[in-house]
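Here's a quick walk through this model, with an eye on side-chain packing and aromatic rings. Have the viewer open as you read.

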Amino acid sequence: MAPSVKPWIPATHDDYDRLVGKEVFTRGGEKLGKIKEVYHPDRDLPLVGGDHAFLIDTGKYKDWFGDLDEVYIPETAISGVGDDGVVLFFSEDEVKDRDWSDDASLAAGLATVRRY
């Protein structure tokens with residue numbers, strides 16, 4: 001079961017950074033891993049809402065991601081955030097069916113981000 005979450009409306013870079021270490025779940029409650037790092041667009045908030053990326057350590061769930069140890073999740077994939085974790089809009093099948101090794105749009109965007 002997915003953790004109880006509320007809509008997530010970040011206002012500062014610190015709001016994003018607080019997600020580091022949180023568990024990540026599908027919308028159906030399947031655990032996917034933990035947020036390892038946050039990548040911030042090289043612009044000031046609030047203009048950057050929706051443009052962040054999260055590096056996920058897939059750990060023992062890496063077979064869901066084509067055996068990749070780490071994957072990038074776009075901010076737009078986050079459905080909600082709670083004390084116990086982050087829930088994505090993705091279902092279990094959508095995670096398993098996606099080609100995580102070639103996320104060209106997100107990879108291209110990482111060229112213009114900074115890490116705090």
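Glu 23 makes contacts well beyond its sequence neighbours: leaving out those within four places, Glu 23 is in contact with Lys 31, Gly 33, Lys 34, Asp 84, Gly 85 and Val 86. This residue belongs to strand E1, residues 23-25. Is Glu 23 buried or exposed? Glu 23 counts as buried because its relative accessible area is 19%, and the cut-off for buried is under 20%.

A word on confidence, as this is a predicted model. The protein chain has an average pLDDT of 80, and 78% of the residues score at least 70. Strand E1 has the highest confidence in the chain, at 94, while strand E7 (residues 113-114) has the lowest, at a mean of 52.

On to the nonpolar core. The largest one has 20 residues, and Phe 54 and Leu 88 are the ones that touch the most other members. Elements giving two or more residues to this core are E2, E3 (53-57), E4, E5 (78-82) and E6 (85-88), every one of them a strand. E2 gives the largest share, 3 residues.

So who does Phe 54 touch? Not counting residues up to four places away in sequence, the list is Trp 8, Tyr 16, Leu 19, Ile 35, Glu 37, Val 38, Val 71, Tyr 72, Ile 73, Glu 75 and Ile 78. Two of these names come back among the rings: Trp 8 and Tyr 16 form one aromatic cluster with Phe 54.

How many aromatic pairs are there? The count comes to 4. One of them is Tyr 39 with Tyr 72, an edge-to-face pair with 5.6 Å centre to centre and 70° between the planes. That angle is called edge-to-face because it's over 60 degrees. The pair links distant parts of the chain, with Tyr 39 in strand E2 (residues 31-41) and Tyr 72 in strand E4 (residues 70-74), 33 residues apart.

Here's how the accessibility values line up:

| Residue | Relative accessible area | Class |
|---|---|---|
| Glu 23 | 19% | buried |
| Tyr 39 | 12% | buried |
| Tyr 72 | 30% | partly exposed |

Tyr 39 is therefore buried at 12%, whereas Tyr 72 is partly exposed at 30%.

Terms used:
Residues are numbered from 1 along each chain as its sequence is written. Side-chain values use heavy atoms; hydrogens and water are left out. Rings of Phe, Tyr and Trp (its six-membered ring) pair if their centres lie within 6.5 Å; planes under 30 degrees apart count as stacked, over 60 as edge-to-face and the rest as tilted. Helices (H or I, at least four residues) and strands (E, at least two) are DSSP runs, numbered from the N terminus. Buried means under 20% relative accessible area, exposed over 50%, partly exposed in between (1.4 Å probe, protein chains only). Contact means heavy atoms within 4.5 Å. pLDDT is the predictor's confidence in each residue, from 0 to 100. A nonpolar core is a set of buried Ala, Val, Leu, Ile, Met, Phe, Trp, Tyr and Cys residues joined through side-chain atoms within 4.5 Å.
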